[in-house]
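Look at the sequence and the model, then work through the exercises. Each one has a solution in steps.

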Amino acid sequence: MSMDSAQAPHPAPHAHAGEGALPSSTAPHAVVELRGVRRVYYKPDGSVLVEALRGVDLSIPKGQYVAIMGSSGSGKSTMMNILGCLDRPTKGQYFVDGENVSTMSDEALSAFRGRKIGFIFQAFNLIPELTVAENVEVPLFYQGVAPAQRHARAVEALGMVGLSERLWHRPSELSGGQQQRCAIARALVTNPVVLMADEPTGNLDSATGRSVLRLFARLHEQGKTIIVVTHDPFVASLCQRVVRLRDGEIEYDRLQTPERLPEEAATPA
Ligand SMILES: Nc1ncnc2c1ncn2[C@@H]1O[C@H](COP(=O)(O)OP(=O)(O)OP(=O)(O)O)[C@@H](O)[C@H]1O
Ligand SMILES: [Mg+2]
């Protein structure tokens, strides 16, 4: 297996180039890194219900486009929720952008998540009462960004996903693919270090799914680190790396040459 570059041990957090530190050119900066991560779900009586992750080590360098695969119940969403700082490991450590997330308070973690992570949910999770632009402004609102700047950044992010014409619409007035692109704009608006998506095309027809995948490919070309959970071998074939889970453990982890998506069809999503 050619995993050396993908799984090279990450230097100590906050290591700077200089005495004792590897030069940055040979030490790829891991954007996310799990070390010995376990996640146990307990029954109300405190006994173990299921060990959903059983000691996972994973290091993802900046700019990598990664698919997480595995059969139903293998632990993908559990892992993604930890990667997205929506949940914490029962044991082990988790680093994002060199910072140890495992030891942060809930409040610090939630602020950190808002700055560093763009999370795209399968069910979009847009707020129906808000316009498209307002939905995209929400993460900036929580960061205390001033209204005019918030709006300008939302408009820019919506432009990136091809929704400039839909700023004042409600989510219910959008197609499934447009709603997903709005959710992607919301994830991008904070300029996160990593974009994560759990089954991003799971609720979309195949043409619409392709337009979302084309958007991911473009973001990847621009240097974004992207992690997608998918059941779909086609989605995984577009990624540079495939990590497959089985019963809460990494069954395999391999680098590959990504397939290229065919050119855009005439009808947009
Ligand atoms: N909140 C929870 N409480 C108890 N057990 C859970 C909880 N969430 C997940 N599990 C269990 O943990 C294991 C892994 O679940 P997880 O949702 O991570 O699987 P998955 O790989 O995402 O599956 P799918 O492809 O069906 O989405 C399963 O056995 C599941 O039943
Ligand atoms: Mg899941």
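Predicted model: local features only at pLDDT ≥ 70, side-chain atom pairs only at ≥ 80, totals over all residues.

Residues are numbered from 1 along each chain as its sequence is written, while chains are lettered from A and ligands numbered from 1 in the order in which they are written.

**Exercise 1.** State how many helices and strands the protein has.

*Solution.* Helices (H or I, at least four residues) and strands (E, at least two) are DSSP runs, numbered from the N terminus. The protein has seven helices and ten strands.

**Exercise 2.** Find the order of the four strands in the open sheet, and say which stand at the edges.

*Solution.* Start with the rule: two strands pair if DSSP finds at least two bridges between them. Next, take the pairs. Strand β1 (residues 30-42) is joined to β2 by ten bridges and runs antiparallel to it; V37, for example, has V56 in β2 as its bridge partner. Five residues lie between β1 and β2 in their hairpin, and G46 in the turn has a positive phi of about 90 degrees. Strand β4 (residues 91-96) pairs with β5 over two bridges, also antiparallel, and F95 is the bridge partner of N100 in β5.

**Exercise 3.** Describe the largest nonpolar core and the contacts of I227.

*Solution.* A nonpolar core is a set of buried Ala, Val, Leu, Ile, Met, Phe, Trp, Tyr and Cys residues joined through C-beta atoms within 7 Å. Buried means that 20 or more other C-beta atoms lie within 10 Å of the residue's own, with C-beta atoms placed from the backbone. The largest core has 64 residues, and I227 is among those with the most contacts inside it. Helix α5 (residues 176-188) gives the largest share, six residues. Beyond its neighbours within four places in sequence, I227 is in contact (C-beta atoms within 7 Å) with I60, V66, I68, L83, V194 and M196.

Conventions: Buried ≥ 20, exposed ≤ 12 C-beta atoms within 10 Å, placed from the backbone. Contact = placed C-beta atoms within 7 Å.
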